[in-house]
Amino acid sequence: MLTLALPTGRSLEACTALLLEGGLPAEPLLRPGRNLEFRCGDFRYLLAKPTDVPTLVHYGAADLGFGGTDVIVESGAELLELLDTGEGRCRMAVAGPPALAERFCGHESERMGLRVATKYPRTAEREFALRGIQVRTVPLHGSVEIAPALGIADCILDIVQTGTTLKANGLVVLEEFFPVSLRLVSSLAASQLAWEALEDVTERIARACERRRRP
């Protein structure tokens with residue numbers, strides 16, 4: 001029996017659709033109610049907060065998991081990416097007041113010591129460090145866009161899709177770090193112990209993704 005960890009919230013609908021279109025038994029997920037565990041044939045599904053999915057996979061509670069790139073990177077878990085579904089595409093980006101744009105066009109030293117408001121502190125520190133820049137993170141779990149106006153941060157790091165919320169708060173994208181989308185991942189241990197089963201599920205979901213992309 002394979003165990004899949006699925007994120008609750010908006011992503012669950014996309015995950016369920018991909019599973020069903022891939023021919024996997026997942027009908028109970030269409031109306032999960034308050035249940036957090038489902039067994040369908042040879043599959044077991046665990047519903048968890050998006051931020052908990054990488055942890056469940058990493059520690060072996062699930063063989064596979066669906067998670068956004070943002071959540072996976074922030075978790076720091078050592079996982080094997082099996083598939084980029086292409087669902088929920090957006091980008092991890094730094095945004096701030098237009099006046100800050102000049103500092104992002106110049107030498108890295110001009111960005112040293114920036115205060116970055118974000119719910120992704122680990123990602124912020126890692127990505128800026130890769131660019132040779134040391135920053136101070138300001139952890140926030142909501143309404144990060146207002147942080148520069150409140151004077152508690154110089155800029156923010158968040159996922160950006162259309163940019164509408166940024167514009168409404170007087171912010172612009174200053175730098176893009178990496179693309180974000182819904183990924184299928186497994187632990188290294190699971191990939192070694194049950195590779196054939198994981199490969200079969202991955203191929204089924206990949207075919208479903210391909211059909212979705214066709215005009």
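This is a predicted model: local features need pLDDT of at least 70, side-chain atom pairs count only at pLDDT 80 or more; totals for chains, interfaces and linings use all residues.

Guide: Residues are numbered from 1 along each chain as its sequence is written, and side-chain values use heavy atoms, with hydrogens and water left out.

Visitor: In what order do the six strands of the open sheet lie?
Guide: Strands of a sheet pair through backbone hydrogen bonds, either parallel or antiparallel. Strands (E, at least two residues) and helices (H or I, at least four) are DSSP runs numbered from the N terminus, and two strands pair if DSSP finds at least two bridges between them. Here the order is β2-β3-β1-β4-β11-β5, with mixed pairing. β2 (37-40) and β5 (79-84) are the edge strands; each has a single partner, so one side of each lacks a neighbour in the sheet.

Visitor: How is β4 joined to β11?
Guide: Five bridges link β4 (residues 64-68) and β11 (residues 182-187), which run antiparallel. Leu64 sits opposite Ser186 in β11.

Visitor: Which strands do helices α1 and α9 meet?
Guide: Contact means heavy atoms within 4.5 Å; axes are lines fitted to C-alpha atoms, for helices over the stretch in contact, and angles run from 0 to 180 degrees between N-to-C directions. Helix α1 (residues 10-21) lies across β1 (2-7), β3 (43-48), β4 and β11, at about 145° to β1. Helix α9 (residues 195-213) packs on the sheet, touching β1, β3, β4, β5 and β11, and its direction makes about 30° with that of β5.

Visitor: Is strand β9 largely enclosed or open?
Guide: Buried means under 20% relative accessible area, exposed over 50%, and partly exposed in between (1.4 Å probe, protein chains only). Five of the six residues of β9 (residues 155-160) are buried, so this strand is largely enclosed by the rest of the structure. β9 runs antiparallel to β6 (residues 90-96), with five bridges, and parallel to β7 (residues 115-118), with three. Val94 has Leu157 as its bridge partner, and Ala117 has Ile156.
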